Amino acid sequence: MGKKVKKGNEAPCKDTFESLLIKSKTPATSVLMLKSPEEEVLVKACEAIYKFAEKGDENRVSLLELGALEPLCQLITHNDKLVRRNAFMALGIMATNGDVKSMLKTLHVIPALIDKLPLEEDTVVHEFATLCLASLSVDFDCKVQIFDSKALPPLIQLLSNPDPDVKKNTLETIFNMVQDHPSRQAVHQLGGLAPLLELLKSDFPIIQQLALKTLEILTIDNDTHAAFRDQKGFDRLMDFLNNKEFNDLHVEALQVVANCMKDRESLRLIHQVGGLTRLMQFIFSPTMPEIQSNAVECIARVAQDSVNRKLLHEQDVEKALVELLFVESDSVKTAACHAVAAMSLHLASQDSFRDLDGIHAVVPLLRCESPKLKEAAAQALSHLTHNNQLNAAAVYEAKGDQALVQELHVSCTSTVAHAAATLANMAEQELLRCSILSHGAVQALVEPLQSTDTNTLFQATRCLAVLTCDTEARTKLRNAGCLQPLVNLLHYSHQEVRRNACWAISVCANDEPTAVEMCRLGALELLQQINQSVNRRNKFSELAMDKLLDSNLPIKYSLMDRLNSTDITTDGFYDAGQVRVGQKFLTLEELSKQPVDQRRPIIVVNIAVDRGQMQDDGQKEDDEVTKQHESSSEKPWTMTYDTSFQVLVTKATQSILPLNDDSEQYAALARLVSEAMGGVVEEEGLYEFQWELHLSQLKFELCSNLVPIGRIRKGFHCHRAVLFKCLADRIGVSCTLVRGEYNRAWNVVLVSRGTPSIGCLPQLCPYIVDLMHQPGRLLKANTPAAIQYQSI
């Protein structure tokens, strides 16, 4: 319950009467007396209930339980003036209790209360009727009922009532009402601004404060700004602010000023009459930190508009704000940082802050004790460095990168988001990026990547994408455990966070070990799901998918059934056959641990030396196989060294590279592949070529589903095409690898045909290389012969 503005000065009742023979000694008796037909009894009962209820909430609850509320609601419409007056007093004082308010909602008393608001009614009735409405108007349903009952016109009239308690209660009711847009519009249209501004002259601070709070809400709507200008509202507020007697209320007044100045037309008029200058003078005048900080926050709110920022820039507001960054008060410095952040959306202001050494003033604030000030400083730096490389360099010069990395560890999500945004802005420069990485930025992003705050995730993923553009950074990323939370963000519902996660994955996928690890963590399956959705797919999700596949050729071949000439196979490439969309992709190590089965073998390409071991070129293949299977649980898994494939690479290098004609190179390589995998196989005898039995025997011999490609002595289309591609990539000869149906596969090469004209490049035509029936024959693509080779 709000305190009364005046106490003990209610007008005494003009009508007096003798004491009743029946006196109420208990609340229960008083409640019973409310049902009396005698007016004198009713007057006395209501008075007794009022006095009892005035003593505290417990008494009000007791009266509610005794059933006093319903008869009081009936008595406020009584014909007798004294009965009505005392009933209002009792009901009004009881309505300040929460339980009573809940019960009043069910009794539909609001129309009766509003009916007694006209000016001709008794002042005491006005006081307690508005007290009752002030209590009820906190509830949304009651606000709707009050609005629908046309209460605002008489309430606005009561703002001019001479009684301060009536004014206070009316203001409370209107303040509660204008929280909703329809009521704000109605108060504006009914001329409520004028009496509200007039109440700023009140002798009672509580009335002035309520008037300012109500004006603050009203001036949120642009519709009220014209009327506010017509009432010279800004001039009245500035006069109010210049009055030192009202220092305690300057905070609320400044909030109204800020709302007014967000309106372009209002700000233009204010600027014309020197209002901005007056406000700037007010900011620097000696006053309490709270008031000064609110004045600066006023500037920050004004600067949310682009036109306003230009006007403030013309007033050299940047210089004033930089000076405020050095005051002792944390609240003032916090407000100044907010204003710097807002003004930094104006490009000229960004440069002004740098020229004024504002950046060097903001950076040390990151190391202060106040969490709010650190948050504001980080926000200011993120805005100052947005699309401004000179400002980013200035932050680096002020040693801000290390402090910003430290802020990634704090618990305030907003501070983390601003710090990550600033680091991302800085990391676009290589020198700055290296410095940021040296301070452990990648490791510090692990926790932000697991945040539940959308903006933190958005900025953290953006920062990660910018930082991890080199191999060293991606190595740190893997070692820090960042990949799992990054991949998890592909599930995230927010589109921009998911887009940034895809962007970061596409950057990280340029590194093969990182791409393989992300695939192991399920990134590829998730990206497939995203790219199959019309609503979720975006250019970064498609790019991330392409990058992952480009850096993980075994999966690309399994999923896409094709490798381009630019897809260069290396040690560790393997052909695991076709994989369905959504199927889990297994690494070579995971495949090696599966028990031997009846499915097609996984063809592995490797001539890399095992870790920590040197291979003897003359060592037998059987010894290599034995070494692989003698490994103990303590030793890390390694691929088998393929001596036979190494021999083939050497032969190809020595015999094919010296050939000058590209068609001769392709033909010679095809013959080498054919000889290694069983030689010529006639089309009629293709099904008698027992390659499947041979591979089954190899799996049994190796006790593994993995078969080194060099060990295959009877290879079908799919094996020969893989070998041709891998050898071609080793010696720098260009070709593709395409998987067909029924274990078919082929290679497409580009061969120059015809005599090139002067100044023109030779014409390149696609051909399919025959590796089975007439090894070395080149079949022009899309011709009947080529189609037959692909399907037989």
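The following legends describe close-up views of a predicted model.

**View 1. The largest pocket and its lining.**
The largest pocket holds about 780 Å³ of space. It is lined by 32 residues, of which Glu 512, Val 516, Gly 572, Leu 588 and Met 639 are the closest to its centre. At least two lining residues come from each of helix H36 (512-520), helix H39 (553-560), strand E2 (573-575) and helix H40 (588-592). Helix H36 gives the largest share, six residues. Sorted by class, the lining comprises 16 nonpolar, eight polar and eight charged residues.

**View 2. Strand E3 and its two partners.**
Strand E3 spans residues 602-605, and both of its faces are covered. Ile 602 and Val 604 are buried on one side, while Ile 603 and Val 605 are buried on the other. Three bridges join E3 to E2 in the antiparallel sense, and within this pairing Asp 575 has Ile 603 of E3 as its bridge partner. E3 also pairs with strand E4 (residues 706-708), here in the parallel sense and over three bridges. In that pairing, Leu 706 of E4 lies opposite Ile 602. Strands of a sheet are held in such pairs through backbone hydrogen bonds, whether parallel or antiparallel.

**View 3. The open sheet E1-E5-E6.**
Three strands in the order E1-E5-E6 form an open sheet with antiparallel pairing. Its edge strands, which pair on one side only, are strand E1 (562-563) and strand E6 (745-746). Strand E5 (residues 737-739) is joined to E6 over two bridges in the antiparallel sense. Here Arg 739 is placed opposite Ala 745 in E6.

In soluble globular proteins, nonpolar side chains tend to be buried together. The largest nonpolar core of this model contains 201 residues, and Leu 72, Leu 91, Leu 104, Met 261 and Leu 548 have the most contacts inside it. Apart from its neighbours within four places in sequence, Leu 91 is in contact with Leu 69, Leu 72, Cys 73, Ile 76, Leu 104, Val 109, Leu 113 and Cys 132.

Asn 161 is located in the loop between helix H10 (152-158) and helix H11 (164-177).

Definitions and conventions
Residues are numbered from 1 along each chain as its sequence is written. This is a predicted model: local features need pLDDT of at least 70, side-chain atom pairs count only at pLDDT 80 or more; totals for chains, interfaces and linings use all residues. Side-chain values use heavy atoms; hydrogens and water are left out. On a 1 Å grid over the protein atoms alone, a cavity is a set of points where a 1.4 Å probe fits but cannot get out, and a pocket is an open set with protein on both sides within 12 Å along at least five of seven lines; lining residues have an atom within 4 Å of a point. Grid points are joined across faces, edges and corners, and a volume is the space filled by probe spheres set on the points. Helices (H or I, at least four residues) and strands (E, at least two) are DSSP runs, numbered from the N terminus. Ala, Val, Leu, Ile, Met, Phe, Trp, Tyr, Cys and Pro count as nonpolar, Asp, Glu, Lys and Arg as charged, and the others, Gly among them, as polar. Two strands pair if DSSP finds at least two bridges between them. A nonpolar core is a set of buried Ala, Val, Leu, Ile, Met, Phe, Trp, Tyr and Cys residues joined through side-chain atoms within 4.5 Å. Buried means under 20% relative accessible area, exposed over 50%, partly exposed in between (1.4 Å probe, protein chains only). Contact means heavy atoms within 4.5 Å.
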